[in-house]
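The following note sets out points for a colleague who is examining the assembly. It takes the chain contacts in turn and then turns to selected residues.

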Protein chains: 6
Amino acid sequence: MSSRPVLEETVKDIKTMKIRGALDIAIAAVKALDIMCMEDAHDTAALLEKLRMGARKLKSSRPTAVSLPNAVNYVMYVAEKNKDLPIHDFRKTLSFEIRKFVGEQERALETIAEIGANVMEPGDVILTHCNSDTVVSILTHAWKDAKKIEVICTESRPRYQGYLTAKALSSAGIPTTLIIDSAVHLMMKKLHVDKVIVGADTICANGDLINKIGTSQIALCAKEQDVDFIAATESIKFSPASVMGSVVEIEERDPAEVIEPGKLRGVRVLNPAFDVTDAEYISMIVTEYGVIPPQAAYHLLKEKFGWELNI
Amino acid sequence: MSSRPVLEETVKDIKTMKIRGALDIAIAAVKALDIMCMEDAHDTAALLEKLRMGARKLKSSRPTAVSLPNAVNYVMYVAEKNKDLPIHDFRKTLSFEIRKFVGEQERALETIAEIGANVMEPGDVILTHCNSDTVVSILTHAWKDAKKIEVICTESRPRYQGYLTAKALSSAGIPTTLIIDSAVHLMMKKLHVDKVIVGADTICANGDLINKIGTSQIALCAKEQDVDFIAATESIKFSPASVMGSVVEIEERDPAEVIEPGKLRGVRVLNPAFDVTDAEYISMIVTEYGVIPPQAAYHLLKEKFGWELNI
Amino acid sequence: MSSRPVLEETVKDIKTMKIRGALDIAIAAVKALDIMCMEDAHDTAALLEKLRMGARKLKSSRPTAVSLPNAVNYVMYVAEKNKDLPIHDFRKTLSFEIRKFVGEQERALETIAEIGANVMEPGDVILTHCNSDTVVSILTHAWKDAKKIEVICTESRPRYQGYLTAKALSSAGIPTTLIIDSAVHLMMKKLHVDKVIVGADTICANGDLINKIGTSQIALCAKEQDVDFIAATESIKFSPASVMGSVVEIEERDPAEVIEPGKLRGVRVLNPAFDVTDAEYISMIVTEYGVIPPQAAYHLLKEKFGWELNI
Amino acid sequence: MSSRPVLEETVKDIKTMKIRGALDIAIAAVKALDIMCMEDAHDTAALLEKLRMGARKLKSSRPTAVSLPNAVNYVMYVAEKNKDLPIHDFRKTLSFEIRKFVGEQERALETIAEIGANVMEPGDVILTHCNSDTVVSILTHAWKDAKKIEVICTESRPRYQGYLTAKALSSAGIPTTLIIDSAVHLMMKKLHVDKVIVGADTICANGDLINKIGTSQIALCAKEQDVDFIAATESIKFSPASVMGSVVEIEERDPAEVIEPGKLRGVRVLNPAFDVTDAEYISMIVTEYGVIPPQAAYHLLKEKFGWELNI
Amino acid sequence: MSSRPVLEETVKDIKTMKIRGALDIAIAAVKALDIMCMEDAHDTAALLEKLRMGARKLKSSRPTAVSLPNAVNYVMYVAEKNKDLPIHDFRKTLSFEIRKFVGEQERALETIAEIGANVMEPGDVILTHCNSDTVVSILTHAWKDAKKIEVICTESRPRYQGYLTAKALSSAGIPTTLIIDSAVHLMMKKLHVDKVIVGADTICANGDLINKIGTSQIALCAKEQDVDFIAATESIKFSPASVMGSVVEIEERDPAEVIEPGKLRGVRVLNPAFDVTDAEYISMIVTEYGVIPPQAAYHLLKEKFGWELNI
Amino acid sequence: MSSRPVLEETVKDIKTMKIRGALDIAIAAVKALDIMCMEDAHDTAALLEKLRMGARKLKSSRPTAVSLPNAVNYVMYVAEKNKDLPIHDFRKTLSFEIRKFVGEQERALETIAEIGANVMEPGDVILTHCNSDTVVSILTHAWKDAKKIEVICTESRPRYQGYLTAKALSSAGIPTTLIIDSAVHLMMKKLHVDKVIVGADTICANGDLINKIGTSQIALCAKEQDVDFIAATESIKFSPASVMGSVVEIEERDPAEVIEPGKLRGVRVLNPAFDVTDAEYISMIVTEYGVIPPQAAYHLLKEKFGWELNI
C-alpha cells in the first residue's frame with residue numbers, strides 16, 4: 001500500500017486552508033511523513049529518497065508558513081542522521097521521533113504556561129497587547145499559582161482582539177483593565193507596570209520579533225521606563241527562512257477593517273497587520289525549551305529544527 | 001456708569017461655559033478689563049485697585065484654564081508698569097495695549113501658520129496626531145507655498161478626531177494617508193516620515209507638552225528614528241500655574257467613549273484624555289512669537305505674560 | 001559719618017568665616033552696601049563710585065562663593081540702572097531695593113517649599129540624597145498639604161547626612177526608609193519611586209548641577225527608569241562665574257572621613273565632596289522664582305542678578 | 001549732504017561680495033546706518049523712516065547672511081526704543097550705541113578666547129574639527145594661561161582646513177596630532193579625549209548648530225563617550241531667520257573638491273559643505289556674552305539683537 | 001557494599017551547611033555520584049535508576065544553590081548519554097567524566113585568571129566593586145604579565161569588602177585607590193577608567209547578572225561613558241533554574257549591617273544584598289570556557305551542563 | 001613518502017607572505033594537512049600525533065591571522081572526533097571532510113552573496129564603507145535579482161578604497177553616489193538610507209566587529225537614525241583568539257598615507273587602520289551559514305571550528 005494518497009491529501013488540505021493554524025499545519029505535515037515511513041522501499045536509502053521528495057512537497061504547500069518547514073526539517077534532520085540504520089530500525093526510530101515531536105508540540109503551550117508563570121512575581125502589574133494563547137495561559141497559570149497579579153489589556157485596533165484577552169483574564173478572576181492603544185505610555189507609568197508580555201507571529205534568526213501591529217511602540221515605552229518586555233511563543237514560530245536572509249513581509253490587510261469604505265474620500269487608508277520589534281528591546285523569550293535571550297533564536301533553530309544550509 | 005455688570009456677566013459666562021475655547025475665554029476676559037478701564041476713579045491708583053479686583057475674579061472663573069490667567073496677567077503687567085501715569089494717560093495706554101493684545105491673539109493662528117510652513121521642506125512626509133487647528137493651518141499654508149508635502153494622520157481613538165484632520169488636508173489637495181494609532185512606529189519607518197507635528201493642550205514651564213493621549217508614544221518613535229518632533233501652539237497655551245509647581249491633572253473621560261458600557265463585565269475601562277511628552281523629545285515649538293526650544297517656555301511666560309511670583 | 005568700618009568689618013568677617021553659609025554671606029554683603037548708601041557724597045556719581053569699590057572688595061572676600069557675587073551684582077545692577085537719579089532719590093531707591101532683596105532671600109526657602117510641594121503628587125514615593133534644607137522643607141510642606149508621600153533616604157557616605165534627613169522627615173510623620181547609597185538602582189525599581197529630589201551646591205550657567213557626591217549616579221538611575229529628577233534651590237546658588245567659563249572645582253576632602261588613616265597601607269584614598277549632574281538629566285529646578293528647566297539658569301542669572309559681562 | 005551714496009555703495013559692495021566675511025558685512029552695514037543718522041530730517045520720525053528704509057535695503061543685500069540682519073536689527077531696535085527723543089538726542093544716542101556695538105563686535109573674538117580658555121582644564125586632551133578662529137584663539141589663550149593641553153585635529157576633507165588648525169596650534173607650542181576624519185571615534189577613546197570644541201557657521205533659534213560637514217558625527221561620538229561637546233562663536237552668528245522658521249539650506253559645493261571630474265564615470269558625487277548638530281548633543285556654547293546652553297539661543301537673539309516679529 | 005551512606009551524608013552536610021561555598025558543594029555532590037557508580041546493580045539501567053534517585057536527593061539538599069544542580073545535571077547528562085553501554089564500561093566512562101569535571105572545576109579559577117588577564121591592556125585603569133576571587137586573580141595575573149594597570153576599588157558598603165580587594169591588590173604591588181561607592185560616576189571620568197570588572201553571584205539564562213548591591217549602577221555609569229563592563233565567573237554560577245523562568249530572589253539582609261538598631265527610631269532600614277545588571281550593560285563574560293557575550297549564557301548552560309527540560 | 005616537505009613549504013610560504021589573503025592561507029594550510037593524512041603511520045594514534053604537530057607548526061606560521069587557526073582547528077576537531085576509527089577509515093574520513101571544508105570555503109562568498117541579497121529590499125538605499133568583496137557581491141546579486149537599490153559609497157580616506165566599490169557597483173549598473181567620510185551623518189538622513197552594510201576584518205567572540213577605520217562612527221549614525229547596520233563576512237573571519245581574551249591590536253599604518261611627510265612639521269600624525277564596532281550596534285551578521293545576531297559569534301566558533309579550550 002502506498003502512503004502517497006495521505007501525502008497528496010495533506011498537501012492539498014494545507015494548500016486549500018482546510019488545515020490551518022501554525023501548530024495544526026506542522027502536526028499534519030509530520031504525521032504524513034510518519035505514514036510515509038511505512039511505505040514500501042528496497043532499503044533505507046530508497047525510503048529516505050521518498051521522504052525527501054515528500055518533505056519538499058509538504059514545505060511548498062504553504063511557502064509563507066513558519067511552523068511547516070520547521071517541523072518537516074526537524075523530521076528530515078532525524079532521518080538523515082539515521083540513514084545508516086537498516087530499514088527496519090530506521091522506520092522504527094524515525095516513527096518514534098516523529099511521535100515524540102508531535103507530543104512535544106502538543107504539550108508546548110502547557111510548558112510555556114508553567115515557565116512563563118514562574119517569571120511573574122507576586123503583585124506584578126502586567127501589560128499585554130492583542131490576544132495571544134501563550135500569554136493568556138501564562139497569566140492564568142500565574143493566577144492559579146496564587147500570584148496576585150493585575151493585567152492591563154490594550155483594545156488592539158482595528159479588530160479589538162484585546163476584548164478577548166480582557167474577557168478571558170477577567171473570567172479567570174484576574175483584575176483586568178482595558179485601555180486604548182494610545183494610552184500605553186501614560187498608563188505604563190501611572191499604574192506602575194512591572195512587565196509587558198506579548199505573543200509572537202514569528203521570531204527571526206537575529207532575535208527580532210514580528211507581532212501584531214502596535215507591539216513595537218509598546219516595546220519602546222517599556223524600554224524608556226526600564227520595564228521588562230517579554231515575548232512568549234512556541235519555538236515552532238522561529239523562522240528558518242530568516243536564517244537565509246528572507247525578510248518577513250508585513251501583511252497589508254483590508255482598509256475596511258479600519259474605516260468604512262468611502263467615508264473619507266480621497267484619503268488613502270493603510271492597514272498593516274504586524275510590525276517588527278528589534279531584539280534589543282526584548283528582555284527574554286519564553287519558549288517550551290525555557291527562557292532564552294532573543295539572540296539565542298539562531299541557536300534554537302539550529303539545535304531544535306536541525307536547520308542546515310546546503311552549501 | 002459702572003462696568004461692573006460687564007465684569008460680572010463675563011465671569012458668569014465663563015463659569016457657565018457659555019464662553020468656551022481657550023482663545024475666546026482669554027479675549028472675553030481682557031475685553032472686560034478694557035471696559036473697566038473707563039470706570040469712574042479718583043486717580044490711577046484707585047482704578048488700578050479696581051482692576052486688580054476684577055483680574056482676581058476673572059482668573060477664578062475657570063481655575064483650570066491656561067489661557068485665562070495668561071491674558072489677564074499680561075494686562076495687569078502692563079497696568080502695573082504704567083501705574084505712575086496720570087489717570088487719563090493710564091486709561092489710554094492700557095486700552096491701547098489691550099486692543100493690541102487682542103489683535104495679536106486673533107492673528108496668532110495665521111502667524112503660526114506662516115512660521116510653521118517655513119519649517120516644512122519640499123517633499124516632506126509629515127505625521128500628525130489628533131486634530132489641531134494650528135497644525136492644519138501650517139500644513140495647508142505649506143501646501144499653498146507649493147511645498148509638495150504628504151501627510152500621515154492617525155485615526156486618534158477613541159473619538160477619531162484624525163478623520164477631521166484627514167478630511168481637511170485632503171480637501172486642500174494634500175496627499176493624505178490614514179492609519180491606526182498602533183501603526184505609527186512601523187509607518188514612520190516604512191514611509192520615511194521626515195517630521196512629526198502636533199498641537200498642544202498646555203505647555204509647562206519646563207517645556208513639557210500636554211497633548212491628546214497617544215502623543216507621547218509618537219514622540220518616542222520619532223526620537224528612536226531621529227525624526228524632528230514639532231509642537232505648534234499659541235503662546236497663550238503656556239501654563240503659568242506650572243511655574244508655581246502645579247501639576248497638570250490628566251482628565252479622565254467617560255469609558256463609554258472607549259467601549260459600550262456593560263460589554264466587558266468586570267473589566268475596568270480607563271480613558272485618559274491627554275498624556276505628557278517630556279521636553280527632551282521636542283525639537284522645537286512653533287509659536288506666534290517664532291520658533292523656540294521647549295526650554296524657552298519659561299522665558300516666554302515671563303516676557304509675554306508678565307508672569308511674576310509675588311514673593 | 002563713614003560706613004567704611006562696616007564694609008571693612010563685613011569683609012573681614014566673611015574672610016575669617018565668622019560669617020558663613022551661602023545665604024548669610026549674601027545678606028551681610030548687601031546690608032553693608034545698604035549702609036554705604038548713606039555715606040557722604042557730592043552727587044550720585046560719587047556715591048556710585050564708592051559703591052563700586054565696596055562691591056569689588058566684598059566680592060573678593062570669598063572668591064569661591066556663589067551667593068556673594070550674585071547678591072552684590074544684583075545691588076550694583078539696580079544702582080547702575082538708577083545712576084541718573086538725584087542723590088537723595090538714588091539713596092532711597094537703592095536702599096528700598098536692597099531691603100526688598102533681603103526680604104526675598106529670607107522668604108526664599110518658604111516659597112520654594114510651597115512651590116516644590118505643589119510638584120509632589122498624592123501617593124508619590126520620593127527618593128532623596130544627602131541632607132538639603134530645601135528638600136526637607138518641600139517634603140514636610142507636601143505632607144502638611146495632606147499628600148500621602150513616602151520617602152527613601154540614602155545614608156550618604158562618608159558623613160551619613162542621610163541620617164539627618166531621615167530623622168527630620170520621620171519626626172514630621174512621613175513614612176521614611178533608609179538605604180545604602182549602592183541600593184538606589186534596585187530600590188528605585190522595587191519600591192516604584194516616582195520622583196527624585198535633591199538640593200544644590202551650585203547651578204552652572206548651562207544648567208549643570210553641582211551637588212553632594214553620588215547625586216550624578218542617582219540621576220543616571222532616574223533617567224534609565226524615566227523617573228523625574230528634580231533639583232530644588234535658591235536662585236542665589238546659580239553661579240555667575242560659570243557664565244565666564246569658570247569650571248567649578250570639586251573639593252577633595254580628608255580621606256580620614258572615609259577610612260581610618262593607616263588602615264589600608266599603600267592604598268590611596270580619594271574623597272571628592274561633590275559631583276556634576278548634566279542638565280540633560282534634570283527634569284526641572286524648583287527655585288523661589290518658580291519651576292524652571294535647567295537650561296533657564298542663564299536666563300535667571302541675567303534677569304535676577306543683573307549679571308553682565310563688561311565687554 | 002545726503003548719506004544715500006554711502007548706503008547705496010555699502011549695499012553694492014555687499015552684493016558684489018567686495019565686502020565679505022560675517023563680521024565685516026555686519027560692521028559695514030551698521031556703519032552705513034551710523035552715517036545715515038546725520039542725514040537731514042525734519043524730526044525724529046522722519047529720520048527713523050529713512051533708517052527703516054535703509055535697514056530693509058541693507059538686509060536684502062545678502063539674504064542668506066546671518067550676521068547682517070542681526071546687526072541691522074540691533075541698531076533699529078535701539079532706534080525704535082528712542083523714537084520719542086528729540087532729533088538731536090536721537091542722533092547722539094543712536095550713533096553712540098552703534099559705535100559701542102561695533103566695538104563689542106571687534107572685541108568679541110578676544111572675549112570668547114578668554115571665556116573659552118576658562119572652560120579648558122589643565123591636562124585636557126581636546127579634539128577639534130575644521131578650522132575656526134574662535135577655537136584657535138581659545139586654545140592658544142588656554143596654552144598661554146599655562147594649561148598643559150593637547151589637541152587632536154581632524155584633517156577635514158575635502159579641503160583639509162585641519163592643516164591650518166594644526167599648523168596654528170603647533171606653532172603656538174601646543175602638542176598637536178592630526179588624524180583622518182574617520183579616526184575620530186577610535187581616537188577619542190584611545191587618547192582619552194576630554195572635550196570637543198568647534199566653531200559655528202550658524203546657531204538656530206532652537207539651539208541647533210550648523211557647522212562644517214562632519215561636525216554632527218563627531219558630536220555623536222562625544223555623546224556616546226560622555227565627552228563635553230562645546231561650540232564657540234560670536235553671537236552674531238545666531239540666526240534670526242530661524243526664529244521665523246526658516247530652515248538653513250545646506251550649501252552643495254563643487255564635486256571637483258572631492259574627486260577629479262571624470263575619474264569615476266557614472267558615479268554621482270555629492271559634496272555638502274555643512275551639517276546639523278542637534279542642540280541635545282551640545283554641552284554649552286561659548287559666546288562673547290558668556291557660556292550659555294544651546295537652548296538659550298532664542299533668549300540671546302531677543303536680548304541682544306532686539307529681534308521681534310511684527311505681528 | 002552500598003554507597004548510600006556517602007550519599008546520605010553528603011546530603012546532610014550540604015543541608016547543615018557543613019559543606020558550603022558554591023564550588024565545594026558542587027564537587028561534594030558529584031563525588032558522591034562517583035562513589036554511587038560502584039554500587040551493586042544488575043545492569044546499567046538499574047544503576048542509572050539509582051543514580052537518578054541520588055541526583056534528585058542531592059539537588060534538593062540546597063534548593064537555592066546554582067552550582068549544585070549544574071554539577072549534578074552535568075553528570076546525569078553524561079550518564080544518560082551512555083546508558084546503552086554495558087555496566088562495566090558505563091561505570092568506567094562515568095567515573096572518568098566525573099573526575100575530569102572535578103578537575104576542570106578546580107582549574108577553572110586559574111583558567112579564568114589567564115583569559116581575563118589577556119583582556120586587560122597595558123596602562124589600563126580598572127574599576128572593581130566588592131571582593132571577587134576571579135577578579136583579584138585576573139588583576140594580579142595581568143600585573144604579573146607586566147601590564148602596568150591601576151585599580152580603583154569601591155569600599156562596598158555596608159560590609160566594606162572593598163577593603164579586602166584593595167589590600168590584596170596593593171600587596172601584589174598594583175597601584176590601588178579606594179573610593180566610596182557614591183564616587184564611581186565622578187571618578188570613572190576624572191581618572192579615565194578604561195574597564196570595569198566584577199564577579200558574579202549568578203548569571204541568568206538571558207544573560208542578566210546578579211551581583212553585590214551597587215553593581216548595576218556602576219554598569220549604568222560605564223554605559224554612559226562607553227567603558228567596557230566585564231563580568232568574570234566560573235560557568236558553574238550560571239543558573240539552570242532561570243531557564244525554567246525562576247526569578248532570582250534578592251536576599252534581604254539584617255539592617256544592623258547598615259545602622260545600629262534603634263539609632264533612627266521609626267525609620268525603616270532596608271538592606272538588599274544583591275542587584276540585577278541587565279545583559280545589555282555587559283560587554284562580555286569571562287568564563288573558564290572563554291570570553292562570551294552575556295546572551296550566550298543559555299548556550300553554555302545547554303552545552304556544558306546538559307540542562308534539559310523534560311517535556 | 002613523507003608529506004613533510006609539503007608542510008614545511010606551506011609554513012614557509014605563509015611566513016614569507018608568498019601565500020596571503022585570509023582565505024588562501026586557510027586553504028593552503030588545510031591542504032597541507034590533507035596531504036599529511038597519507039603519510040606513513042603505524043596506526044591512527046600515530047598519524048594523529050603527526051597531524052597535531054603539523055597543526056601547531058601551521059598555526060604558528062602567522063600568529064595574527066584569524067582564518068588560519070580556524071581552518072586548522074576545524075580539521076583537527078574532525079580528526080580528534082574520529083580517532084577511534086581504523087587508520088584506513090580515518091584517512092578516508094578526514095580527507096573527505098577536508099575537501100568538503102575547502103569546497104565550502106570556496107563557495108562561501110557566493111553563498112553569502114545569495115543570503116545577503118535576500119536581506120535587501122526593493123527600493124532600498126544602502127550605504128557602504130571602504131571596499132569589501134562580500135558587500136560588492138551581495139549588492140550586485142541583489143541588483144541581478146531585480147531589486148532596484150541605490151548605493152552610497154564613502155571615499156574611505158586615506159586610501160580611497162571607496163573608489164573601487166563605487167566603480168564596481170556603477171559598472172554593474174547600480175545607481176551609485178560617492179561622498180566624503182564626514183558626510184555620512186547628513187546624507188544618511190537626507191537620502192533616507194535604509195541599510196548600512198560593511199565587510200569585516202575580524203569578528204570577536206562577544207560579537208564586536210573589527211573593520212576599516214571609520215566603520216564604528218557610521219554605526220553610531222545608523223543607531224541614531226534606527227537604520228539597520230549589517231556586517232557580511234565569511235565565518236572564517238571569526239576570531240578564536242578572542243575567545244581566549246586576546247584583544248585585537250589595531251594596526252598603526254604609515255602616516256605618509258595621510259599626509260606628505262614634513263608638510264606639517266611638529267605635528268604628530270596617527271593613522272590607525274581599523275576600529276571596533278560594539279556588538280550592540282550590529283543588527284545582524286550575514287555569513288555563509290546564514291544570518292546570525294552578533295552575539296552568536298561564540299556559538300559559530302564552537303560549532304563550526306571546533307574551537308575548544310584545553311582545560
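How many residues of chain B are in contact with chain A, and how many of chain A with chain B? The points below begin with that pair; the model is a predicted one.

1. Extent of the contact between chains B and A. On each side the count is 48: 48 residues of chain B are in contact with 48 residues of chain A. The area buried between the two chains is about 4,000 Å², and carbon and sulfur atoms give 60% of that area.

2. Symmetry of this pair. Chain B is superposed on chain A by a rotation of 180° with 0.0 Å of shift along its axis, at an RMSD of 0.1 Å. That is the relation of a two-fold axis. The copies meet through the same surface, because 100% of the interface residues of chain B are also interface residues in chain A.

3. In a salt bridge of B:Arg157 with A:Glu155, the closest N and O atoms are 2.5 Å apart.

4. Elements and composition on the chain B side. At least two residues each are supplied to the side that touches chain A by several elements of chain B, including helix H7 (162-171), helix H8 (184-190) and helix H9 (215-224). Strands contribute as well, among them S3 (176-179) and S9 (274-277). By residue class, this side of chain B divides into 26 nonpolar, 10 polar and 12 charged.

5. Extent of the contact between chains C and D. In this pair, 18 residues of chain C are in contact with 23 residues of chain D. The buried area is about 1,700 Å², of which 56% comes from carbon and sulfur atoms. The interface has 2 salt bridges, and C:Lys302 forms a salt bridge with D:Glu303, with 3.4 Å between the closest N and O atoms. Across the interface, 8 residue pairs are in polar contact, both residues being at pLDDT 80 or more. Helix H10 (240-243) and helix H11 (297-305) of chain C each supply at least two residues of the side that touches chain D. The largest share, 3 residues, comes from H11(C). The residues of this side divide into 8 nonpolar, 6 polar and 4 charged.

6. Symmetry of chains C and D. A rotation of 120° with 0.0 Å of shift along its axis superposes chain C on chain D, with an RMSD of 0.1 Å. The two copies are thus related as by a three-fold rotation axis. Within chain C, the C-alpha nearest the axis belongs to C:Gln295 and lies 3.7 Å from it. The copies use different surfaces, since 11% of the contact residues of chain C recur in chain D.

7. Chain pairs without contact. Chain A and chain D do not touch, and their nearest C-alpha atoms are 17 Å apart. Likewise, no contact joins chain B and chain E, whose closest C-alpha atoms lie 17 Å apart.

8. Helix H11 in chain F. This helix (residues 297-305) is mostly covered, with 8 of its 9 residues buried. Among them are F:Tyr298, F:His299, F:Lys302 and F:Phe305.

9. A buried loop residue. B:Thr233 lies in the loop between strand S7 (228-232) and helix H10 (240-243) of chain B. With a relative accessible area of 1%, B:Thr233 is buried. The residues that B:Thr233 touches include B:Ile112, B:Thr134, B:Phe238 and B:Glu288. B:Thr233 and B:Ile112 are 121 residues apart in sequence but 7.5 Å apart in space, C-alpha to C-alpha.

10. Salt bridges within chains. Over all chains, a search of the whole structure finds 96 salt bridges. One joins F:Lys195 and F:Glu121, with the closest N and O atoms 2.9 Å apart. F:Lys195 lies in strand S4 (residues 195-198) and F:Glu121 in the loop between helix H5 (87-119) and strand S1 (125-128), so the pair ties together parts of chain F that are 74 residues apart in sequence. F:Lys195 is buried at 5% relative accessibility, whereas F:Glu121 is partly exposed at 32%. F:Lys237 and F:Glu234 meet in a salt bridge at 4.0 Å, N to O, and both residues are buried. In chain A, a network of salt bridges links A:Arg159, A:Glu251, A:Arg253 and A:Glu257.

How values were computed:
Residues are numbered from 1 along each chain as its sequence is written. Chains are lettered from A and ligands numbered from 1 in the order in which they are written. This is a predicted model: local features need pLDDT of at least 70, side-chain atom pairs count only at pLDDT 80 or more; totals for chains, interfaces and linings use all residues. Side-chain values use heavy atoms; hydrogens and water are left out. Contact means heavy atoms within 4.5 Å. Buried area is the accessible area (1.4 Å probe) that two parts lose on being put together, summed over both. A salt bridge is a side-chain nitrogen of Lys or Arg within 4 Å of a carboxyl oxygen of Asp or Glu. A polar contact is a pair of N or O atoms within 3.5 Å; within protein, one must be able to donate a hydrogen and the other to accept it, and residues adjacent in sequence count only if both atoms are side-chain atoms. Helices (H or I, at least four residues) and strands (E, at least two) are DSSP runs, numbered from the N terminus. Ala, Val, Leu, Ile, Met, Phe, Trp, Tyr, Cys and Pro count as nonpolar, Asp, Glu, Lys and Arg as charged, and the others, Gly among them, as polar. Copies are superposed by least squares on the C-alpha atoms of residues with pLDDT of at least 70 in both. Buried means under 20% relative accessible area, exposed over 50%, partly exposed in between (1.4 Å probe, protein chains only). Lists of a residue's contacts leave out its neighbours within four places in sequence.
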